[in-house]
There are 2 protein chains.
Amino acid sequence: MNLTKKIGWIGTGVMGKSMCKHLLNKGYEISIFNRTADKASELIEMGAKFLKPIEIAQTCDYVFLMLGYPRDVEEIVIGENGVLKNMKKGSYLIDHTTSSPDLAVKIYSKAKELEINSYDAPVSGGDIGAREARLVVMVGGDEENFANVEDIMKTYSSKINIMGSAGKGQHTKMSNQIIIASTMIGVVEGMLYAQKANLDVDKVIQLLGGGAAGSFSLNVYGPRILKRDFEPGFYVEHFLKDLEICLTESEKMGLKLSGLELAYKLYYSMIEMGLGKKGTQALMLALEKINKENS
Amino acid sequence: MNLTKKIGWIGTGVMGKSMCKHLLNKGYEISIFNRTADKASELIEMGAKFLKPIEIAQTCDYVFLMLGYPRDVEEIVIGENGVLKNMKKGSYLIDHTTSSPDLAVKIYSKAKELEINSYDAPVSGGDIGAREARLVVMVGGDEENFANVEDIMKTYSSKINIMGSAGKGQHTKMSNQIIIASTMIGVVEGMLYAQKANLDVDKVIQLLGGGAAGSFSLNVYGPRILKRDFEPGFYVEHFLKDLEICLTESEKMGLKLSGLELAYKLYYSMIEMGLGKKGTQALMLALEKINKENS
């Protein structure tokens with residue numbers, strides 16, 4: 001393993017921060033940037049250098065992004081002061097943000113012209129997966145040269161797969177979000193039912209988690225919901241953004257997915273309820289509210 | 001373990017048959033009944049005795065049921081020629097059928113009057129759980145005397161929990177079905193999206209199964225859907241019956257569960273499409289059809 005690789009990381013929120021910690025602990029030298037500088041302080045204490053995006057672009061061989069929205073990616077990468085045109089030939093741009101497949105293709109093409117290797121590489125596994133270095137990474141881009149990137153990603157991931165050409169990483173992540181969206185509805189509705197039926201909900205989720213109703217959502221978020229812990233592993237507003245991309249892409253493909261539509265409607269109502277900065281498991285609060293209004 | 005316990009088993013379909021095989025392999029003597037006698041032949045060859053329900057009631061200490069619908073349970077247990085009034089004092093009636101919580105309470109009360117121990121004990125884990133003796137059993141009824149029953153159940157189960165008084169086993173199962181209903185929608189929609197986006201769907205489900213989208217439904221039914229294997233582990237028409245009970249119970253509690261309503265609508269449409277005898281994973285066929293009609 002070549003620990004002298006110069007790594008830059010833009011976006012050190014919940015996910016990015018945990019991922020950077022693993023890199024630092026492994027011995028990598030990294031330069032970081034975050035719009036809200038506060039969120040970078042722990043990493044700086046651990047040895048990360050704080051640089052502007054343009055400085056990261058100029059000095060690093062590998063530039064990783066973990067941002068919030070496609071518009072952030074677009075601005076940081078190909079905006080007026082974007083990183084791409086400041087990056088070195090032969091360097092690597094890896095976008096871990098869950099973003100639009102079209103934007104991934106656009107960035108890939110522009111990067112190709114500049115002889116820069118571009119990968120869309122959204123992750124799954126949530127805050128817990130990031131903390132425990134067992135994220136799942138779904139990659140779109142060229143197989144050629146990817147080994148160099150994979151080597152770095154392994155620091156915080158348990159599974160890394162190239163899913164196809166540029167954009168295919170994002171499409172895979174959309175499948176992931178579509179699955180999670182309805183799964184979370186099921187988990188929350190099942191728990192609400194159990195609550196209303198005066199069952200011991202803790203016992204219920206323990207028991208059902210081992211059977212055909214078992215899922216990551218039930219096993220990880222079920223206990224949090226039970227403790228009324230609605231703090232974000234993954235922000236409602238970010239999930240809503242993902243579901244928006246899913247809907248846009250589905251429409252383009254002529255797909256009507258009613259579960260996805262329902263999830264979008266429910267998560268959208270959460271923004272109106274002021275729950276945008278809560279974690280996705282706060283869907284429970286929304287369903288409780290809706291049911292209170294109905295009764 | 002007391003293998004001289006006289007066990008009767010009514011209902012040897014997909015699930016009941018596998019469960020009885022485990023009992024026979026363990027060395028239990030069992031008497032069985034099934035409306036369609038064909039489905040009992042393999043068990044008879046293995047040593048089970050075929051008796052009428054009334055004979056089972058008269059001769060067995062433990063009478064297990066694994067039937068299709070609440071109406072079947074009602075008829076077999078408290079109908080004109082029902083087993084309950086023919087059972088011995090101190091004997092046990094265990095209903096593994098997924099059925100209505102109210103009916104479970106009704107049977108429990110009548111059994112109590114006759115000094116018979118009654119348990120509602122629906123299971124989760126599907127055909128695969130039954131075959132591999134790792135079903136999850138959720139029990140409603142009295143803790144007292146339950147150890148005798150648990151001993152037998154262990155033969156085909158990995159987890160057995162008393163969830164509370166009569167009916168609470170069924171309520172727990174309803175939570176289970178509510179969770180599975182939306183989870184399955186998520187899995188099928190995610191796979192359909194992946195298909196349309198020209199991803200390698202096999203690779204997608206392998207990868208996502210290990211992350212936050214992972215679930216029993218994705219990991220067990222995903223590969224079956226991929227192989228276009230829509231044979232029943234669990235019949236669509238039985239699942240629809242479960243969802244009907246879920247809806248009825250939710251309404252009684254004043255709960256509005258939109259995911260459950262959507263699942264009911266989709267599975268109901270499958271009956272109209274002639275898919276009632278397929279497995280629940282055939283939801284894929286329904287969504288493909290709906291999307292074809294839309295395009």
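This section describes two interfaces in a predicted model: one between the domains of chain A, and one between chain B and chain A.

Residues are numbered from 1 along each chain as its sequence is written, and chains are lettered from A in the order in which they are written. In this predicted model local features need pLDDT of at least 70, side-chain atom pairs count only at pLDDT 80 or more, and totals for chains, interfaces and linings use all residues, while side-chain values use heavy atoms, with hydrogens and water left out.

Chain A is split into domain 1 (6-165) and domain 2 (171-294); these bounds come from an automatic or database domain assignment. The C-alpha centres of the two domains are 28 Å apart. Contact (heavy atoms within 4.5 Å) joins 17 residues of domain 1 of chain A to 17 residues of domain 2 of chain A. The two domains bury about 1500 Å² between them, and carbon and sulfur atoms give 59% of this area. Buried area is the accessible area (1.4 Å probe) that two parts lose on being put together, summed over both. A:Tyr69, A:Thr98 and A:Pro101 supply 33% of the area that domain 1 buries against domain 2, more than any other three residues.

Two salt bridges cross this domain interface. A salt bridge is a side-chain nitrogen of Lys or Arg within 4 Å of a carboxyl oxygen of Asp or Glu. A:Lys252 forms a salt bridge with A:Asp102, and their closest N and O atoms are 2.4 Å apart. On the side of domain 1 that touches domain 2, nine residues are nonpolar, six polar and two charged. Here Ala, Val, Leu, Ile, Met, Phe, Trp, Tyr, Cys and Pro count as nonpolar, Asp, Glu, Lys and Arg as charged, and the others, Gly among them, as polar.

The second interface joins the chains. Chain B and chain A each give 60 residues to the contact. The chains bury about 5300 Å² between them, 67% of it on carbon and sulfur atoms. B:Ile179, B:Tyr193 and B:Leu207 supply 15% of the area that chain B buries against chain A, more than any other three residues. Between the chains the count of salt bridges is zero.

Helix H8(B) gives the most to the side of chain B that touches chain A, with 20 residues. Helices (H or I, at least four residues) are DSSP runs, numbered from the N terminus. The residues on this side of chain B divide into 29 nonpolar, 24 polar and seven charged.

Definitions and conventions: Helices (H or I, at least four residues) and strands (E, at least two) are DSSP runs, numbered from the N terminus.
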